[in-house]
Amino acid sequence: MTDPVLSVRNLNIHFHGATRTTHAVRGVSFDLGHEKLGIVGESGSGKSQTGRAIMKLSAPSARVTADALRFGATDLMAASEKQMRTIRGRDIAMILQDPKFSLNPLMKVGKQIAEAYRIHHRVSAAEARQKALAMLESVHIRNPERVYEILPHEVSGGMGQRIMIAMMLIPEPKLIIADEPTSALDVTVRRQVLAVLDELVERTGASLIFISHDLNLVADFCDRVLVMYAGRVLEDLPARDLGRAQHPYTRALLDSLPRLDDPRAELAVMQRQDSWRTAPIGGQA
Amino acid sequence: MSDIILEARDLTIEFGEGATAVTAVDGAAFKIRRGESFGLIGESGCGKSTILRAVAGLNPEYDGDLLFDGVELPDTRRREHYRAMQMVFQDPYGSLHPRKMVQSVLAEPVRRMGLGDEQRRIDEVLRNVGLGPEFRFRYPHECSGGQRQRIAIARALIVEPKMLLLDEPTSALDVSVQAEILNLLARLRRELGLSYLMVSHDIAVVAHMCDRVAIMRHGRILEEVGAQDVRAGRVSEDYTRDFLAASAPAITA
Amino acid sequence: MTDITPAALGPRTPAEARLQQLRITALKLRRNASAMIGLVILLVIFAGAIFAPLFATHDIFAQDLGNRLALPSADHWFGTDELGRDIYSRLLYGGRITLYIACLTAVISAPIGLVVGMLSGWYGGWLDMVLMRVTEIFLAFPSLILALAFVAALGPSIENAIIAISLTAWPPIARLARAETMMVRRSDYIAAVRLQGASSWQIMVGHIAPMCVPSVIARVTLNMASIILSAAGLGFLGLGAQPPSPEWGAMLSSARQFILSNGHVAAAPGLAILMTSIAFNLVGDGLRDVLDPRND
């Protein structure tokens, strides 16, 4: 890929625990262009850790190494914490699963959005407020003035996530990392939130990394998909080709899902192979 | 012996008082036949879990009637009621006591209900859920999510219930583990002749596991459909249609 | 990512399983350097107190008025006090009294706090209200003032000091147990036990207490410092152990007048109180990190 937005080469994360060291992410490599990339995996696959490592927000006990971790022209591995602070929020934003944990419970949501803007842009409070209101409208919140004044605990799931999106996207970052942004939402609300996210990503031309355990969701929403297992990328393919995935793990994952359109007496149970933990098939060199 | 194992008549459950009262369940009614698997599906806050907990006996404050085997269930349940209906909870990480080993978790209901033959029952139930006897001395934090859920199922089965109440039993599990647990539950139902009342927000799971499905919204049961009809989209309510549309699989082979 | 023990290496009896858990906890504690330092200091202090007859060099009551306020020497390792008695030996025996008071207070206040907290947290409603108001009443008393009142009414003695300090030591434990109980009460594993027909009492003793006990142990250990200080304070005021008993607070009291001229006489018991408190704090902190269920 020429001029990727993000370039990751041989990312490894080790966790040094009390009794043993866990190799959580093993040699993950990929390029990201102006696209929506889905990273799919089960718990323990390393997908969330990969997302955090890109923003250098890994836990203190984590040892992160990579041959390259480049964001545009910036070398993230070499960047200092001070540089990262400027990058985070302004250039790379993260949307998490539960807005309750990401919003300050003591501050009005509108003010938090305005503040997110003022951190990276020197504007007056009034201007920031206008920007925040405009942002609330762009995430399809019907009554921005009213919602501006409410506190996080008064906000329900879907609206909370849209507020989160507003807050994270107001500085117009070039890269958005969304870690299970809709997992805590109801099925019908999920679609609305994803539509909002899609619209904003299209409009600003940002790149999106969508981390999820839900294959169907990722197939529907993303352009390209990375399938992770035990810290490795097993497969890297266009989303529309997921149905024709090659790797036995991906196939087994697809087969074990109960499907409305394909009734079965028994669901296929995955037989895990040791080879899946060692040799990655597919993925980029 | 009647064909209907569990019946709910005009079940209404309210929380809070006066101005802040919330009607969690509003006039719900359903009948579950012996050996049937019945699904309750809806979004968060629709009342499905509230109904389940009331049926189980965890919430004695409800209006309306709940009948088990044709006999009305009293507000304060007795041992025989608890023996007849057991529950499997959603979160495998929260449904087992962190400081008790499996042996203790399984022995307790046996002892409490005075069933005797503890060791044999424990070994048998562990075998039945696909766990080896070495699991007797494990603690929950030494087991994976799927293993914990199997232990939770074992705990429910060890008292030989007639009916299992399943509260989103696989929604906290990985997809691959979910398949194992769903298969296990299906097999157990067949082999032990159990009836299931299953609550879920995942319509694909419910269509797979249940014979009939009731869709709930804002405390009301909107409609009851057979699993075949759900799959074919033969539903009357718009809400159900929306639900199905939002859950449609995107991956085509 | 969990490390599952293969069948062959797993425990094969309940006792083995419990031992394994204890070992894992001990290993976790070992990684905490400050807790280990605290533990070593505590072991030294306890050993000194328990084996005082072995380690003492002099008779603690033997006065030597010709050798008063002597500086530390080969003969008297910590010097002598205002009556010529050996400070080192008195410290060892004094440790017995201090640790006796501290441990007994812990043993009395912890169960009371645990029971009150669990009842309060489980039943809620008016019982919770009544018990919490009672707890707050006792919490409002500064321990030393209450102890003074007690001892004034009943006479000065170690036993009365213990009762007095216990009365103010149990409220924080009750609050802690109540908070734990309220959190645990909502868990699915408690619901599961209710669905087996367990009574409230059976649930509290069999299921809630095991969750509260580790936090209570950690908290009590942390409280030891303040218990020791209260005991020493009472001794200092002459309301605990009576002379010629070598209680540390009493030793401090009698050394007060010489603090500027012969500081070592006050320094010895003062440092002993300080080291014991610090040691308990370090261990308590380490225990809290290891035993706190939030870390599971």
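In this predicted model, Y249(A) is buried, and W276(A) is buried as well. Their rings form an edge-to-face aromatic pair, with 5.4 Å from centre to centre and 70° between the planes. The pair joins distant parts of the chain, since Y249(A) belongs to helix α10 (residues 248–255) of chain A and W276(A) to helix α11 (residues 275–278) of chain A, 27 residues apart. A look at the neighbouring rings extends the picture: Y229(A), Y249(A) and W276(A) are linked by ring pairs into a cluster.

F30(B) and F38(B) are both buried. Over all chains, the structure holds ten aromatic pairs.

Aromatic rings also meet charged side chains. In chain A, the charged end of R129(A) sits over the ring of Y148(A), 4.6 Å from the ring centre. In chain B, R138(B) lies over the face of F135(B), and the distance to the ring centre is 4.3 Å.

Turning to the interface, 31 residues of chain A are in contact with 29 residues of chain B. Together the two chains bury about 2600 Å², of which 60% is on carbon and sulfur atoms. On the chain A side, V187(A), P258(A) and L260(A) supply 26% of the area buried against chain B, more than any other three residues. Between chain A and chain B there are zero salt bridges, whereas ten residue pairs are in polar contact, both residues at pLDDT 80 or more. The elements giving two or more residues to the side of chain A that touches chain B are α8 (187–204), α9 (215–221) and α10 of chain A.

Conventions: Residues are numbered from 1 along each chain as its sequence is written. Chains are lettered from A and ligands numbered from 1 in the order in which they are written. Side-chain values use heavy atoms; hydrogens and water are left out. Rings of Phe, Tyr and Trp (its six-membered ring) pair if their centres lie within 6.5 Å; planes under 30 degrees apart count as stacked, over 60 as edge-to-face and the rest as tilted. Helices (H or I, at least four residues) and strands (E, at least two) are DSSP runs, numbered from the N terminus. Buried means under 20% relative accessible area, exposed over 50%, partly exposed in between (1.4 Å probe, protein chains only). A charge sits over a ring if NZ of Lys or CZ of Arg is within 6 Å of the ring centre and within 35 degrees of the ring normal. Contact means heavy atoms within 4.5 Å. Buried area is the accessible area (1.4 Å probe) that two parts lose on being put together, summed over both. A salt bridge is a side-chain nitrogen of Lys or Arg within 4 Å of a carboxyl oxygen of Asp or Glu. A polar contact is a pair of N or O atoms within 3.5 Å; within protein, one must be able to donate a hydrogen and the other to accept it, and residues adjacent in sequence count only if both atoms are side-chain atoms.
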